[in-house]
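Please read these notes alongside the structure. They are numbered, and each takes up one topic.

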Amino acid sequence: MSTAALIVTLGSIVLGALLALMMIPVLVWLERRIAGLIQDRVGPNRTNILGFRLGGVVQSFADVIKLVFKEEYYPGHIKTGRWLYIIAPAITFSAALLAFMVIPFADTVQFGGESLRIQPLPVDYGVLWYLAIGALGMIGIFFGGWLSHNKYSLLGTQRAGSMGLSYELPLGLAVVSMMLTYNTIDFNEMVRWQSGTVLGVVPAWGILVQPLAFIIFVVAIFAETNRAPFNVVEGESEIISGHMTEFSAMKFALYFMGEYIAMNSASAVVITMFLGGYQLPWLSTEMLNIHFGIVALALMAVLPLFLFVIIRWMRRNNSVRTTVSTDGGRDFETKVLTYALIGMGVVLELILGCFVFFGGGGTGTAIAVILLQIAVFVFKLMCFNIFFIVVRWTLPRFRFDQVQTLGWHYLLPLSLLNIFVTAIVIVGVGL
Amino acid sequence: MSQVTITVDAQDYRVEEGSLLIEVLIQNGIKIPYFCYHEALGADGNCRMCMVEIEGQKRPQIACDTIVKEGMGVRTKGENINGVRQRILELELINHPVDCPVCDQAGECKLQDFYMDYGLYDSHIDMRQKIHGKKHVDLGSNVMLDQERCVLCARCTRFTADVTKTHELGIIGRGDHARVSTMPGRKLENPYAMNVVDLCPVGALTSKDFRFHQRVWFLKSTPSVCHGCAMGCNIFIDHNKAKYKEDTIYRFRPRRNDAVNGHFICDAGRLSYKALQENRQKEFELGGDSCTEQEALEAVKTAILEAQNITILIDANLYNEEIERIIVFASGIGATVLCPSDCYYDESFGDTWLKKPWRAANIEYINRTEIEHRLPEGSVDLLISFNHPSSKTVDSRLKIIFATHQGHKADILLPISLFSESSGSLTNIHGMTQHCEKAVEGEAPDLIRLVDMIEGEL
Amino acid sequence: MKIKVVKRYGTAFKDRLYIPAIIEGLKITAKHLFKNVNDIKSVDVLEYPEEQPRDISERYRGLHRLTHREDGSVRCVACFMCATACPSSCIFIEAVERTDGIDEKMPERFAIDLLECVFCGYCVEACPCDAIRMDTGIFSVIGSKREDFVMEKEQLLAQTGSFGDTFSRCHNAGEKQDD
């Protein structure tokens, strides 16, 4: 393996781990903040380190510290299989984490005749990996719920089991129709397929090619990740907290964080399969490589405007009403962050300027394109995560039988129908 | 006696000829308000509360002064008679201070009950116009008098005049100024004086002993029998378990039993609840140090197995069931059972009515068994005393005492429950066997359970 | 018998499709989200504890207090009405005879366990002497251990009402009245 290959692989693994793990506190914070804002509240915004509150994201770290230092408590009635009870949350957590590792963050690059994947696990059967490993998370829920010896845990586990059965099917069938369309099980190939256009103008994103599959997949993935409106496994108003009822401290936190990683992975899969992955619309990797100077110029033009909007928004909102006696260091924070943002902007402008006026050369341009694609991927990932969160705070929870009806009576037949139609079209068009 | 038929509220009753109408109404469970009538004291006719309508009579009549006649038609309900009762009640309450918040009778007060049943009027009387009498007068014998609250039913004066015949109380003054009082310089002084507290239908006479200790609606009443003497007067144990506190007895009240004590009990019996709850033995002790139940039972077992001869002393206050159990236990281990009874006899305590000189509740049951009333003779190797008061006068090598209260010195000391903490039956001096219910939840174990466990160990 | 037929909604195809309704809902939440993200100060919340609530009215059930008579002594006569009415049995009273001639009975101990109290106000309703009130306007009690939340008689007497009326307007039976 060449040095370049080693660097790229290691870099991808680090990036994948960071994207999955660092996203947890951000997502927990976003969840609480967005919930508050939707309900005309403020949400967590007071925890700070030396006056820096970063909009309240520091709260998540405080929560983690609290959960780590909480008393480790084991219900006395759990006798046999306690070790399994303890590792159960870790199973769910690692399954969700591993499932994320087959997502491509940027297009394959060519270095010295080697084709390198920007993918933590450089495999070409990503779809199968995601379906297989993603479903393993259910095992952790079974162990934890069953070994808790608690009727609510058992009910939650039973619900998780039947949810798994009824939603893996439409999920898998929706994926099958996409595999037929893209003619591959490699995520990277799928993204590349989507870089083209349909009818010359519309980007060939999965959502536009296969809208029904998109809807089925998104609904099924909501159910798979136990997110509202399908969070019947927790169902806190009916069965307390389902399989998590008897878990506390870090064991609970692992389940909790596992859920957010699963949601993050699900978002990543959705944008990879249906929303063009790391692609900018109309701009395929080849086009970016050739015309990067123009793209850099456009970015140079947009960046100051973007920074101006961000800073203006921050100055307006990171402050308190005049009736409040103290602002708790918000003014200072705004000042420091403004300088930091302007500094970052200047550096970025300089780098982009180099590309515009001197050209980056082959390797430089390739690296710049990779970074740009990673940025696009992260942006799309965040947007879809926010969509997940907004849906949770919009829709009430379905009753358990309604969830089952939806899965078996509507989604399953629809996904089968979708496969038939897709197959007929593909055979007919002769792709 | 021949029977007559009367009609009350359109229903026919066969009743004894010549009986009082109010008796008939009470016996048949028909609701009738009254203050001055009392089954033990008879009718007086002064409160006018028991008004009923009698067919053929122009005006309502008081039921306690009406003899039943054949074919008599009586109405106890209706707008008319309720109006009459309301106006009589208002008259009774003219000078009443309406200080229910500080009154101990609240909750068992006839004025409150009748006001809720028949009153509910807006008062015509200004608080300032009320005649004030003496409040909290100490009459003696633990009885407190509040003259303002009195409705002048004369139950208390009739009790001292007719029942105890001591004549301490009387009604003096006229009209608004009439009030219950003792003679100047004299106190209410007789061994049954506190019965006037129960007799008083309102808060005029209250018990100094019970005063302000507990509101009556918190109390639970459990039927039981007094252990003060061999008479076996029927009582209610009024107790309550307040939050975060022990289940406590607050008072004894007489329970009606015409065959034993009628409506009354003596003051000594009434106040015996206090000594009952003080200085309880709560821990198992081995040689003066506290130990666990298991250790104590183990020591008892070894002592019985090693003993040369065993003598059992048995308290004459135990229940019949407990005595029987101990006799069986004694024959099993070859012990002699004795009950030295001299310590129970107190000539000065007895009188001709309820108080008996034998101050042990179950002495009659001991008499009926083969237990001898004597102290043990000769040398005693092991003495087992079941709460007997004279166990300390007996010399023995080893002593085991089952005790309800502290103050015993023994090698092995085991706590047992009080009579109020377990149920059983007693045979009184007239040979009547009566049942006592368990009232209070206690910490100390039941005697029968302990004996069972000891026998199981052997 | 007259039967009223209620029209059932949600049976039309559009309703059964769910998606239009979901989009409608998302529109509403997104509207709130964007409005509040754009201007956080338009969210009408208090910056507690720097800002204190301004809407505590006379009817607000705050911390309890025991009222005084005109001579400054305790008004309560330990009638146990509040303890009887209390649904969480959090009022602990020990009565004693009052010897100063003002009344016959008073509480030796009058304690409210605020951790058990549900602030229903039944004690205030039940009190025949206007001796207990919840008009202090205090909504936050802080303590570091459980015992700190058991308010004893002296603490309850030391509280003052937030809405005037220092002395009770009620007159106990047997008390002299001026008006």
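## Notes on the model

1. **A loop serine in chain B.** B:S391 sits in the loop that links β18 (380–386) to β19 (396–403) of chain B. This is a predicted model. Is B:S391 buried or exposed? Its relative accessibility is 1%, so B:S391 counts as buried. Leaving out residues up to four places away in sequence, B:S391 touches B:L313, B:L383, B:S385, B:K399, B:I401 and B:H408.

2. **A strand residue in chain B.** B:F284 belongs to strand β14 (residues 284–286) of chain B. B:F284 has 8% relative accessibility and therefore counts as buried. Look at B:P415 next. B:F284 and B:P415 are 131 residues apart in sequence, yet their C-alpha atoms are 6.1 Å apart in space. B:P415 is also one of the residues that B:F284 touches, when residues up to four places away in sequence are not counted. Others in that list include B:L413, B:L414, B:P445 and B:L450. The list also includes B:D289, B:S290, B:C291, B:T292, B:E293 and B:A296.

3. **Chain B as a whole.** Chain B has 11 helices and 22 strands. Of its 458 residues, 54% count as buried. Its C-alpha atoms fill a box of roughly 85 × 55 × 40 Å along the principal axes. Take the contacts in chain B between residues at least 6 apart in sequence: 63% of them join residues at least 24 apart.

4. **Chain pairs.** Which chains share the most contacts? Chains A and C do, of the 2 pairs of chains in contact. Chain A and chain B do not touch. The nearest C-alpha atoms of chains A and B are 27 Å apart.

5. **Helices α2 and α15 of chain A.** Two packed helices are described by the angle between their axes and the distance between the axes. Helix α2 (residues 23–38) of chain A packs on helix α15 (residues 361–392) of chain A at about 45°, and the axes are 10 Å apart. α2(A) and α15(A) are therefore oblique to each other. Their crossing is right-handed. On the α2(A) side, the contact is made by A:M23, A:V26, A:L27, A:L30, A:E31, A:I34 and A:I38. On the α15(A) side are A:L381, A:M382, A:N385, A:I386, A:I389, A:V390 and A:R392. By class, this contact of α2(A) with α15(A) has 11 nonpolar, 1 polar and 2 charged residues.

6. **Helices α6 and α9 of chain A.** At what angle do helix α6 (residues 151–182) and helix α9 (residues 211–224) of chain A cross? The angle is roughly 150°, and the axes come within 9 Å. α6(A) and α9(A) are therefore roughly antiparallel to each other. The crossing is left-handed. Residues of α6(A) in the contact include A:M163, A:G164, A:Y167, A:E168 and A:L171. Among those they meet in α9(A) are A:I216, A:F217, A:A220 and A:I221. The residues of the contact of α6(A) with α9(A) divide into 13 nonpolar, 2 polar and 2 charged.

7. **Nonpolar cores.** The largest nonpolar core has 98 residues. Those touching the most other members are A:M163, A:Y167, A:F187, A:F217, A:I221, A:F230 and A:F377. Helix α11 (residues 249–274) of chain A gives the largest share of this core, 12 residues. Apart from it lies another core, of 85 residues, among them B:L25, B:Y121, B:L145 and B:F349. As for A:F187, its contacts include A:V102, A:I103, A:P104, A:V127, A:Y130, A:V269 and A:M273, leaving aside neighbours within four places in sequence.

8. **Backbone points to check.** A cis peptide bond joins C:Y48 and C:P49, with omega about 5°. C:P49 is in the loop between α2 (19–38) and β1 (65–66) of chain C. A:D40 is not a glycine, but its phi is positive, about 55°. A:D40 lies in the loop between α2 and α3 (58–69) of chain A. A:D40 has a relative accessible area of 31% and so is partly exposed. C:A78, also a residue other than glycine, has a positive phi near 55°. The place of C:A78 is the loop between β1 and α3 (81–85) of chain C. With 1% relative accessibility, C:A78 counts as buried.

Conventions. Residues numbered from 1 in each chain as written. Chains lettered and ligands numbered in written order. Predicted model: local features only at pLDDT ≥ 70, side-chain atom pairs only at ≥ 80, totals over all residues. Heavy atoms only, no water. Axes fitted to C-alpha atoms, helices over the stretch in contact; angles between N-to-C directions. Helix = DSSP H or I, 4+ residues; strand = E, 2+ residues; numbered from the N terminus. Parallel < 35°, antiparallel > 145°, perpendicular 65-115°, else oblique. Left-handed = near helix turned anticlockwise from the far one by under 90°. Contact = heavy atoms within 4.5 Å. Nonpolar A, V, L, I, M, F, W, Y, C, P; charged D, E, K, R; others polar. Core = buried A, V, L, I, M, F, W, Y, C linked by side-chain atoms within 4.5 Å. Buried < 20%, exposed > 50% of the residue type's maximum accessible area, 1.4 Å probe, protein only.
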